[in-house]
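Colleague: I would like to learn how to read a structure like this one. Could we go through a few features in turn?

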Amino acid sequence: MNYRASLRQRFVDPLFEQVDAASLVFFRVAFGSIMLVECWRFWEHGWIARHYIEPEFFFKYYGFGWVEPWPGSGMYWHFVLLAVLSLLIAVGALYRLAAILFFFAFTYVFLLDQARYLNHFYLVILIAFIMTLVPANRSFALDAWLRPRLSKDTVPAWSVWLFRLQFEIVYIYAGVVKVNPDWLRLEPLGMWLARRDDWPVIGPLFNEDWVVALAAYGVIALHIIGAPLLLFRRTRGYVMVLYFAFHLMNHFLFRIGIFPWVTMAGTLLFLEPDWPRRALRWAWQGAERALRRGGATARG
Amino acid sequence: MNIKAATRTSGGALQPRHWLLLGFIAVWLVFQLLFPLRHLLYPGSPSWTEEGHRFAWQMKLRDKKAQAIFFVRDPASGREWRALPDDYLVAHQARKVGTRPDMILQFAHYLAQLWAQERDIDGVEVRARVCASLNGRKAVLLIDPDRDLARVERSLRHADWILPLEQPFERPKPRTGLLDLSC
């Protein structure tokens, strides 16, 4: 066999193999749900008016000076539309259309004001774009239920791999950019942790240099060494536990909105594609055992 | 397991649409890899200049605070007005404008436009004195205070009116960060 053919067999063919659709479907439901909650948060906190109606001037992205907010109550309706599209994505109804419209509708909001730039909204745009490409409505979806022809328990492997590689890029860059003189000298992380030294129990530790150093250098190691290890079955479990601890810590320390939840949902895509089924079976068996034991105790 | 059986490849030849998809994915990934490196094309730290900072996963790297005063000038009469971001922007915008040179420029253009429209002044000049502190450093000038920003065109090239960060790093005192932004 020649070199090219073996390369193809090793790297290209596997991308078109069918794998369990469950992990992609789980991510679809999680992403749609998180975005639905985010729309609700914008509404609830009055951000729609404060960010997109009240300002008299908007900072434009280079080349996108023509993007303007809707007049009147248009921005509210826009967020209603975004919420409906998020819901459609979550339940897998009119999925492809919903994903495409969501991509454009969300990108539009993003482009309105540079002062609102957030890395996690950029990530949402990238995810939304990839969502338009993948057949995430083949199972556990209204589309598949209404049109059984569509229904299938598998998806091509590339649709999982595209997400994995996208998250790898985000994680590895998040580590690489921290190899910079300020971060290596423990700022700005030191200042931020010092401001939270009123935290119960661990608060006083935030004033200790060695704690800050452990966190600052640990994050670099987690992203640069840990993220690639997510790709290997033997190491992925340990790294995933670290990542979940990292994201939860970020959530409680810095309150960075939906970012930890989106990335945690994304990180689960590194597991074997059938993990939701195995998790369900495990939970079901556990519940059954507990019921049986409960019944036995009641009888005894 | 029935699922295991379904994961076997059909072994069939790849069709043109498969190669098209692969090509697209390759282009997407190469773009994702290269785009965050834009900051290497600019001199200085992206945390200071903000050039190439966005869309590059530069996360949690800068604690940056700034105090910005804009000066609008009528070249014919020599009359000058002071303009503060707080009077023209909402709070979250005003808090950011001084720390992001490209936003300073956009805001300067906005002021020039306001003065031209409302006071009918020709050739309005706008300058800004911006003191900024990065990661606990003593606050220093972020941009050239003598440059007429109304004459500066927005571009993706390096902004030569951003002053290089020469203030050396020192651990901030108090540890929670610097509050004095005068420079």
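Colleague: Which residue is the bridge partner of B:Phe70 in S2(B)?

Modeller: Strands here are DSSP runs of E with at least two residues, helices are runs of H or I with at least four, and both are numbered from the N terminus. Two strands pair if DSSP finds at least two bridges between them. In this model, which is predicted, local features need pLDDT of at least 70 and side-chain atom pairs count only at pLDDT 80 or more, while totals for chains, interfaces and linings use all residues. Residues are numbered from 1 along each chain as its sequence is written, and chains are lettered from A and ligands numbered from 1 in the order in which they are written. The partner of B:Phe70 in S2(B) is B:Ala83. S1(B) and S2(B) run antiparallel and are joined by 4 bridges. Their hairpin has 6 residues between the strands, and B:Gly78 there takes a positive phi near 80°.

Colleague: How many bridges pair S1(B) with S3(B)?

Modeller: In a regular strand the side chains alternate between the two faces of the sheet. S1(B) and S3(B) pair over 10 bridges, in the antiparallel sense. One position to look at is B:Val72, which stands opposite B:Val126 in S3(B).

Colleague: In what order do the 4 strands of the sheet in chain B stand?

Modeller: The order is S2-S1-S3-S4, in an open sheet with antiparallel pairing. S2 (80–83) and S4 (140–141) of chain B each have a single partner strand, so one side of each is left without a neighbour in the sheet. S3(B), residues 125–134, pairs with S4(B) over 2 bridges. B:Ala132 stands opposite B:Val140 in S4(B). Helix H5 of chain B, residues 101–119, packs on this sheet and touches S1, S2 and S3 of chain B. The direction of H5 makes about 150° with that of S3(B); such angles run from 0 to 180 degrees between N-to-C directions, with axes fitted to C-alpha atoms, for helices over the stretch in contact.

Colleague: Leaving aside neighbours within four places in sequence, what is B:Leu111 in contact with?

Modeller: A contact requires two C-beta atoms, placed from the backbone, to lie within 7 Å. By that rule B:Leu111 is in contact with B:Phe70, B:Val72, B:Ala83 and B:Val126.

Colleague: How is a pair of packed helices described?

Modeller: Two packed helices are described by the angle between their axes and the distance between the axes. H2 (residues 22–44) and H13 (residues 259–267) of chain A pack at about 175°, with their axes 10 Å apart. These two helices, H2(A) and H13(A), are therefore roughly antiparallel, the word for angles over 145 degrees. H2(A) contributes A:Phe27, A:Ala30, A:Phe31 and A:Ile34 to the contact, and H13(A) contributes A:Trp261, A:Val262, A:Ala265 and A:Gly266.

Colleague: Is B:His39 buried or exposed?

Modeller: A residue is buried if 20 or more other C-beta atoms lie within 10 Å of its own, exposed if 12 or fewer, and partly exposed in between. B:His39 is buried, with 20 such atoms. B:His39 lies in the loop between H2 and H3 (46–49) of chain B. Beyond neighbours within four places in sequence, its contacts are B:Pro46, B:Glu51, B:Gly52, B:His53 and B:Ala56.

Colleague: How many residues of chain B are in contact with chain A?

Modeller: There are 40 residues of chain B in contact with 45 of chain A. H2(B) supplies the largest share of this side of chain B, 6 residues.

How values were computed: Angles under 35 degrees count as roughly parallel, over 145 as roughly antiparallel, 65 to 115 as roughly perpendicular and the rest as oblique.
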